[in-house]
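Let's take a walk through a structure together. Have the sequence and the 3D view open as you read.

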Amino acid sequence: MTTATGGTVEPILELRSVGRVHGRGDVRVEALAGVDLAVVPGEMLAVMGPSGSGKSTLLMLAGGLDRPTDGEVLVEGRPLGGLNRRRMAALRRRSIGYVFQDLNLVPALTAAENVALPLELDGMSTRRARQAAHEALTEVGLQHFGERFPDDMSGGQQQRVAIARALVGERRLVLADEPTGALDSTTGEAVLRVLRARCESGAAVVLVTHEARHAAWADRIVFLRDGRLVDDTGPSADAESLLSRGGSR
Amino acid sequence: MSIKHGLLALLDQGPRYGYQLRSEFEARTGSTWPLNVGQVYTTLGRLDRDGLVAPDGEDDEGHVFYRITDEGRLELRAWFEAPVSRTNPPRDELAIKLAMAVTVPGIDVGVVVQGQRTHTLRALQDYTRLKTRAAQDDMAWQLVLESLIFHAEAEVRWLDHCEARLARRAAEREPAAPAPDERPTPVRRRGARR
């Protein structure tokens with residue numbers, strides 16, 4: 001892929017003619033069709049579209065939680081279709097971070113334990129995993145909340161724990177499904193700043209959202225309708241020009 | 001936009017001359033609504049005529065200073081206390097365009113909506129970039145940018161709504177495809193028709 005500066009960068013995530021069909025015959029539903037997409041290091045991509053347009057399906061396929069019926073998905077250049085179950089699980093733990101709509105925090109574990117969990121499952125020592133968890137919690141501004149249980153935290157704090165869990169370690173691909181869903185606008189913005197900062201340090205982020213105001217934090221916005229990409233929007237080269245023209249239209 | 005009240009608000013903080021008023025107005029609003037110095041002097045002339053400001057001498061460089069009068073302060077307080085009127089909505093070119101597009105034959109409204117949404121989303125991305133770059137302590141500029149962001153977001157939501165309505169209308173107009181059990185029954189040899 002060629003960048004704005006003319007160099008070539010290997011995409012962290014690539015979808016090649018990806019399609020996903022559920023069922024067959026009369027009950028055949030095409031959830032996604034012919035989707036081509038590449039997300040490079042340092043790039044934040046927002047996916048928008050009406051309910052049922054295939055946004056979440058796209059995210060599931062990108063993270064190897066579902067398999068395409070057509071085309072292929074590559075993460076860090078590796079086709080996911082060629083990985084066996086064990087390698088896929090390892091890739092998901094080490095390279096891909098998810099933020100789900102429902103947070104999936106384990107209520108019996110503290111914030112720090114929740115964040116350290118994927119690393120410990122991957123065989124990392126408890127001490128090192130806790131250290132990494134502390135760093136991830138610091139990244140989301142919760143360095144003093146590591147010993148709290150999810151139930152003792154506000155919705156916004158729980159959301160940030162879920163994000164810390166997605167960012168912990170060296171994850172280079174972060175997939176977020178409505179991560180600002182239940183948050184007020186200021187807390188939602190704090191979450192977007194964290195994701196943005198992770199991008200600046202070289203990760204690729206895919207953000208599914210129905211809120212244009214949040215999608216606007218991305219470098220690129222793609223629009224899905226009926227399982228197909230219908231639009232691809234990036235910001236102007238010079239944002240200031242918008243104001244010197246005296247308005248948006 | 002009320003240049004008149006903007007200038008009164010600046011003069012409430014001390015006497016100023018025309019060029020100074022223009023720079024301060026633009027600094028507070030991030031040059032979102034550029035003023036030319038001619039507009040500033042015309043407005044000062046009207047404010048002077050109405051007794052809301054008064055000339056306040058010249059400096060060595062010949063800058064004519066103005067100060068706010070007591071009547072001007074009353075006018076300014078009244079402006080802050082009264083809500084901005086919505087009785088005459090500003091002319092909205094996009095609403096007019098879509099209202100026309102749905103009635104003019106041969107116009108693909110979906111294309112109009114999609115084109116506008118792309119444009120508005122790009123503007124929204126640009127405003128958001130400006131906001132992330134704006135100084136955190138520049139509250140006036142942050143609020144102006146957020147106003148632009150919320151307006152652009154509202155426009156995108158309205159465009160989504162228009163699109164959904166158009167899709168619903170198209171579905172209602174299309175003759176319904178026969179459901180599988182309503183298809184003409186194929187002739188069966190053994191006379192098993194219902």
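Predicted model: local features only at pLDDT ≥ 70, side-chain atom pairs only at ≥ 80, totals over all residues.

Residues are numbered from 1 along each chain as its sequence is written, while chains are lettered from A and ligands numbered from 1 in the order in which they are written.

Start with chain A, which has eight helices and ten strands. Helices (H or I, at least four residues) and strands (E, at least two) are DSSP runs, numbered from the N terminus. The C-alpha trace of chain A spans about 55 × 45 × 40 Å along its principal axes. A compact globule of 249 residues would have a radius of gyration near 18 Å, and chain A agrees with that at 19 Å. (That radius is taken over C-alpha atoms, and the globule rule is 2.2 Å times the number of residues to the power 0.38.) In chain A, 41% of the 249 residues count as buried. A residue is buried if 20 or more other C-beta atoms lie within 10 Å of its own, exposed if 12 or fewer, and partly exposed in between, with C-beta atoms placed from the backbone. Of the contacts in chain A with a separation of 6 or more, 67% are between residues 24 or more positions apart. Here, two residues are in contact if their C-beta atoms, placed from the backbone, lie within 7 Å.

Now zoom in on helix H4 of chain A, residues 126-139. Which residues of H4(A) are buried? They are A:Ala129, A:Ala132, A:Ala133, A:Ala136 and A:Leu137. These cover an arc of only 140° around the axis, so they sit on the same side of H4(A); the arc is that of the directions from the helix axis to the C-beta atoms. An α-helix has 3.6 residues a turn, so residues three or four places apart point the same way. The buried residues of H4(A) pack against helix H3 (111-121) and helix H5 (155-167) of chain A. On the face turned away from the buried side, you'll find the exposed A:Arg127 and A:Arg128. After H4(A) comes A:Gly141, with a positive phi near 80°.

Over in chain B, look for an open sheet of three strands in the order E1-E3-E2, with antiparallel pairing. Strands pair if DSSP finds at least two bridges between them. E1 and E2 of chain B are the edge strands, each pairing on one side only. Between E1 (residues 16-17) and E3 (residues 64-68) of chain B there are two bridges: B:Arg16 stands opposite B:Tyr66, and B:Tyr17 has B:Phe65 as its partner. E2 (residues 53-58) of chain B pairs with E3(B) over four bridges, and there B:Pro55 partners B:Tyr66. E2(B) and E3(B) form a hairpin with five residues between them, where B:Gly62 in the turn has a positive phi of about 85°.

Last stop: where do the chains meet? The contact takes 16 residues from chain A and 22 residues from chain B.
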